[in-house]
Amino acid sequence: MDPDACTAMAVETMRRNDRGAYTVPTAGLYPYQWNWDSAFAAMGFARFDPARAWTELETLMVGQWADGMVPHILFHEADDGYFPGPEVWGCAGPVPSSGITQPPVAMTALRAVWGAAPDLGRAGPLWDAMARWAAWFARHRTEGGAVFVTHPWESGRDNAPDWDGAMAAIDPAGVGDYVRRDTGHVDASMRPTKADYDRYVWLVRRARDEGWDAEGMRGRHPFRVADPGTTFILMRGLRDLIALGPALGRDAAALEGIADDVAAGAAALWNPEIGCFDARDLRTGAFAGAVTSAAFLCWYGGAARGGMDAHLARVLDAAPYGVPSLDPADARFDARRYWRGPVWPFMNQMIGTGLTEAGLPAGERLRGVTRDLLAASGMAEYYDPRDGAPAGGRSFTWPAAVWLSWAHAEGAIP
Ligand code: DGY
């Protein structure tokens with residue numbers, strides 16, 4: 001595809017997934033509003049329909065719980081093509097929703113949308129809501145400053161090796177029968193395994209039975225893993241909110257305190273054995289021992305450390321289309337299985353943005369290969385890192401948004 005055709009496809013994909021006030025990741029497989037997908041959608045809309053970009057973020061924040069949590073899925077309309085739906089989650093927020101959050105890319109999207117189309121009346125309330133979300137993270141999802149997740153879905157990187165140790169320790173006894181819907185949309189070889197799903201469903205039921213008690217989960221929940229991905233993304237989001245504060249007449253002092261704590265937590269996710277940032281099971285203290293794409297968000301978060309550049313060079317030499325979700329040299333690498341190998345263009349975008357800001361040429365290299373990948377393979381959920389073949393769901397919102405807001409951001413919109 002030439003770049004103009006790819007731009008047209010990107011706009012068309014976003015319009016097709018637009019449900020009026022929010023965007024679905026893709027029809028069928030993901031038929032609701034997902035938190036971080038929406039943040040990328042907002043950045044994509046900012047290029048050709050800024051009013052719609054504001055609406056995307058506003059609709060997301062309408063789902064915010066009274067305690068500040070912003071759910072990872074908002075079930076705005078019934079759709080039986082997805083499992084687990086709202087009746088499994090059993091949550092009582094303002095909109096039917098899941099009971100966990102997702103990495104807060106929306107904080108960064110707020111700054112990006114403001115940059116494209118400043119609107120005080122719309123940005124102010126969003127900033128306030130996101131500041132409450134940041135305070136919720138600090139209160140309920142940090143230990144020693146590092147952000148931990150209470151479900152693999154909360155990280156957005158569902159079946160990454162980061163969670164293998166904590167998942168193996170769970171006995172999903174009594175999970176019972178349930179019907180997966182994802183494998184009706186996408187080949188099972190590209191999705192998490194049944195052993196993973198049993199634990200995903202078991203963890204949802206367990207937290208639901210405990211009444212989604214965020215404070216209780218901190219001490220008792222059987223899955224608590226410090227996640228470098230969410231930690232770096234929150235660091236970045238906090239920086240963006242703090243930077244926006246003065247323009248919106250907001251006092252960011254409380255956020256500065258949180259940012260200092262999270263930065264200290266990020267440093268504690270350094271695993272000296274592999275010389276890399278790494279996930280850590282809070283129940284055992286064990287590191288996962290995996291070089292995943294999340295570690296390379298350290299520049300984006302503002303926590304880069306010597307040694308990461310060598311890992312990055314090695315991984316990029318092995319994978320021509322950008323950062324694979326798992327180091328191809330790792331025995332657990334599985335080129336098409338979701339977060340155990342594939343390249344995800346939005347990860348390339350965040351990693352590449354951080355590298356470019358740090359003055360490293362690898363950032364532009366990542367942008368170039370992402371451009372080539374999307375122009376060659378279209379708008380897929382993720383891609384085989386060896387040959388760039390599209391994988392997972394198709395007609396996906398986030399690669400379209402990545403094309404428009406980063407990979408080919410200089411391109412004219414027809
Ligand atoms: C899924 O259902 O696969 C999602 O990743 C959960 O957010």
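Where does Pro 84 lie? Pro 84 is in the loop between strand 2 (73–74) and helix 4 (86–89); helices (H or I, at least four residues) and strands (E, at least two) are DSSP runs, numbered from the N terminus.

## About the model

What you see is a predicted model, where local features need pLDDT of at least 70 and side-chain atom pairs count only at pLDDT 80 or more, while totals for chains, interfaces and linings use all residues. Residues are numbered from 1 along each chain as its sequence is written, and side-chain values use heavy atoms, with hydrogens and water left out.

Let's start with the backbone. Most residues other than glycine have a negative phi, and most peptide bonds are trans. The bond from Phe 83 to Pro 84, though, is cis, with omega near 0 degrees.

Ser 395 isn't a glycine, but its phi is positive, near 50 degrees. You'll find Ser 395 in the loop between strand 10 (390–391) and helix 18 (397–407). Tyr 338 also isn't a glycine and has a positive phi of about 60 degrees. Look for Tyr 338 in the loop between helix 15 (308–318) and helix 16 (345–357).

Tyr 338 has 4% relative accessibility, so it counts as buried. Ser 395 is at 27%, so it counts as partly exposed.

Asp 162 sits in the loop between helix 7 (152–155) and helix 8 (164–168), and it counts as buried because its relative accessibility is 5%. Its side chain makes a polar contact of 3.0 Å with that of Arg 157. (A polar contact is a pair of N or O atoms within 3.5 Å; within protein, one must be able to donate a hydrogen and the other to accept it, and residues adjacent in sequence count only if both atoms are side-chain atoms.)

## Around the ligand

Which residues are around the ligand? They are Tyr 30, Trp 34, His 72, Tyr 82, Trp 153, Asp 158, Arg 191, Tyr 197 and Tyr 338, where being near takes a heavy atom within 4 Å.

Some side chains pair up with ligand oxygen atoms. A polar side-chain atom of Tyr 82 lies 2.5 Å from one, an N or O atom in the side chain of Asp 158 is 2.6 Å from one, and for a polar side-chain atom of Trp 34 the distance is 3.0 Å. On its own the ligand has 230 Å² of accessible area, and the protein covers 95% of that (Shrake-Rupley method, 1.4 Å probe; for residues, only the protein chains shown count as cover).

Conventions
Buried means under 20% relative accessible area, exposed over 50%, partly exposed in between (1.4 Å probe, protein chains only).
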